[in-house]
Amino acid sequence: NVPVVCYPGGNLVAGFRWEDRTGPKEERPNLAELPWQVIETNAFGRNDFDSWAKKAETNVRMAVN
């Protein structure tokens with residue numbers, strides 16, 4: 001019964017580019033996620049989040065920088 005979920009969340013918003021998270025997974029860029037000192041593979045992208053939200057029966061609120 002969560003009415004809205006935010007995408008992306010946390011520190012990810014600072015460097016978020018929705019364009020990097022669309023299209024075929026193998027074509028999405030790997031990017032340095034500096035606050036966490038890891039590589040963001042973008043394996044779980046915008047479309048994947050939308051599909052999850054639909055299954056969870058919730059709405060998506062997009063965060064923008």
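Which residues do ring pairs link into a cluster? In this predicted model, the cluster consists of Tyr7, Phe44, Phe49 and Trp52. The setting of these rings is described first, then the pairs themselves.

The chain holds one helix and four strands. Along the sequence they follow the pattern β-β-β-α-β. The C-alpha trace spans about 35 × 25 × 15 Å along its principal axes. Of the 65 residues, 23% count as buried. Among contacts between residues at least 6 apart in sequence, 48% join residues at least 24 apart. The chain carries 8 positive and 9 negative charges, whose mean positions are 4 Å apart.

A pair of aromatic rings is described by the distance of the centres and the angle of the planes. Three aromatic pairs are counted. In one of them, the ring centres of Phe44 and Phe49 are 6.4 Å apart. Their planes stand at 85°, which is over the 60 degrees required, so this pair is edge-to-face. Phe49 also pairs with Trp52. Here the centres are 5.4 Å apart and the planes are at 40°, a tilted arrangement. Phe49 and Trp52 both lie in helix α1, residues 46–55. They are three residues apart, about one turn of the helix.

Phe44, at 46%, is partly exposed. Trp52 is likewise partly exposed, with a relative accessible area of 41%.

Note on methods:
Residues are numbered from 1 along each chain as its sequence is written. This is a predicted model: local features need pLDDT of at least 70, side-chain atom pairs count only at pLDDT 80 or more; totals for chains, interfaces and linings use all residues. Side-chain values use heavy atoms; hydrogens and water are left out. Helices (H or I, at least four residues) and strands (E, at least two) are DSSP runs, numbered from the N terminus. Buried means under 20% relative accessible area, exposed over 50%, partly exposed in between (1.4 Å probe, protein chains only). Contact means heavy atoms within 4.5 Å. Lys and Arg count as positive and Asp and Glu as negative; His and the chain ends are not counted. The place of a charge is taken as NZ of Lys, CZ of Arg, CG of Asp or CD of Glu. Rings of Phe, Tyr and Trp (its six-membered ring) pair if their centres lie within 6.5 Å; planes under 30 degrees apart count as stacked, over 60 as edge-to-face and the rest as tilted.
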